[in-house]
Amino acid sequence: MTQGSSLSSTPRYSARPVMTAAELEAWLLRAQPGQQCRYHVGHLAYDRTRSRAVDATARYALEHSRGEWPVVTPPPCGHIRSLLIGSGELALKQHRGPDGRMIYVAEKL
């Protein structure tokens, strides 16, 4: 393959959270309002399907975020089963890193 090819230039990353759910919980308990932490780097929606640890961290972040999140049945249905309403302790943010992966950040409110 040529060096410019998308397959050869796409790095492979393990689906492992930067923080576990327990580490995120410990951070949340001691963090001051306005403090931020990076809890995952990668592509969270995809990585959650590959790793229970990533899924647990993402679920903890959602449960403690401000906002409402639909719980949807798997494809092909895609029906909304319920609505998850976060506790409002975190603001969740994301931005793209220089390598193309997304950086997921939680901010204590």
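1. Strands E4 and E5 run antiparallel and are joined by seven bridges. Strands here are DSSP runs of E with at least two residues, helices are runs of H or I with at least four residues, and both are numbered from the N terminus. Two strands count as paired if DSSP finds at least two bridges between them.

2. The model is predicted: local features need pLDDT of at least 70 and side-chain atom pairs count only at pLDDT 80 or more, while totals for chains, interfaces and linings use all residues. Residues are numbered from 1 along each chain as its sequence is written, and side-chain values use heavy atoms, with hydrogens and water left out.

3. Strand E5 (residues 102-108) also pairs with E1, antiparallel, through six bridges. Gly42 stands opposite Met102 in E5.

4. Strand E1 (residues 36-42) is mostly covered, with five of its seven residues buried. Buried means under 20% relative accessible area, exposed means over 50%, and partly exposed lies in between (1.4 Å probe, protein chains only).

5. Glu107 lies in strand E5. Glu107 counts as buried because its relative accessibility is 16%. Its side chain makes a polar contact with the side chain of Gln36, at 3.4 Å. A polar contact is a pair of N or O atoms within 3.5 Å; within protein, one must be able to donate a hydrogen and the other to accept it, and residues adjacent in sequence count only if both atoms are side-chain atoms. Leaving aside residues up to four places away in sequence, Glu107 touches several others, including Trp27, Gly34, Glu89 and Lys93; contact means heavy atoms within 4.5 Å.

6. Helices H2 (residues 21-30) and H4 (residues 52-63) pack at an angle of about 30°, their axes 8 Å apart. H2 is therefore roughly parallel to H4. Axes are lines fitted to C-alpha atoms, for helices over the stretch in contact, and angles run from 0 to 180 degrees between N-to-C directions. Angles under 35 degrees count as roughly parallel, over 145 as roughly antiparallel, 65 to 115 as roughly perpendicular and the rest as oblique. H2 contributes Ala21, Leu24, Glu25 and Leu28 to the contact, and H4 contributes Ala56, Thr57, Tyr60 and Ala61.
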